[in-house]
Amino acid sequence: MTTDSPIKPEVTTGTRLRNFLIVIVAIALSVALFLGLRAETTAVSLDKLNQASTPLEVAISNGKPSIVEFYADWCTVCQKMAPDIAVLEQEYADNVNFVMLNVDNTKWLPEMLKYRVDGIPHFVFLNKAGESLAQAIGDQPRTIMANNLEALVSGSALPYAQASGKVSKVSTSVAPVGSQDDPRSHGSQVVD
């Protein structure tokens, strides 16, 4: 009879070198992932913009013009525009109120109905008295938003008062009963 003895494979220098390289690559990838996730958390988010925004009640009554953004955390277009909105807010914060209203919060349903919000982001430009001057819906380039804010501050007509871009559809219907408008057709709801 023969006894079964475990066979020990020879550990060669090549095998050790390969294992060492695998460990080094794994550590490098872990560090890169950690640093990448850490850098991502410092990016502009809709939540940060919301926390820094002026409350609607204050914006309507403080004598400064305002831009009201209807948004949702799940809205990819809103997330895409967040860094541009943050830059504009830094530039115009002294002269313009920036108001963020989350469409998922039923508290804002009266405002959603008032401004006929059925696609987001939905921007409403208010004069110093809190009256609506114009609306822009969907993805807006920063230059268009900056031009509108500049006109808002100077009290002149907004150059892009009826701007419309890519939108995320609001899941809750806010259109008046009996309305047959397609949520992507915003032309009928833009008010000058």
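Arginine 142 is partly exposed, at 38% relative accessibility, where buried means under 20% relative accessible area, exposed over 50%, and partly exposed in between (1.4 Å probe, protein chains only). This is a predicted model, in which local features need pLDDT of at least 70, side-chain atom pairs count only at pLDDT 80 or more, and totals for chains, interfaces and linings use all residues. Residues are numbered from 1 along each chain as its sequence is written, and side-chain values use heavy atoms, with hydrogens and water left out.

Two salt bridges are found in the whole structure; a salt bridge is a side-chain nitrogen of Lys or Arg within 4 Å of a carboxyl oxygen of Asp or Glu.

| Salt bridge | N to O distance |
|---|---|
| Arginine 142 and aspartate 84 | 3.0 Å |
| Aspartate 139 and lysine 80 | 2.7 Å |

Aspartate 139 lies in the loop between β5 (132–137) and α6 (142–154), and lysine 80 lies in helix α4 (residues 76–92), so this pair ties together parts 59 residues apart in sequence. Helices (H or I, at least four residues) and strands (E, at least two) are DSSP runs, numbered from the N terminus. Aspartate 139 is partly exposed, with a relative accessible area of 22%, whereas lysine 80 is exposed at 53% relative accessibility.

Cysteine 75 counts as buried at 0% relative accessibility, and cysteine 78 also counts as buried, at 0%. The structure has zero disulfides, a disulfide being a pair of cysteine sulfur atoms within 2.5 Å.
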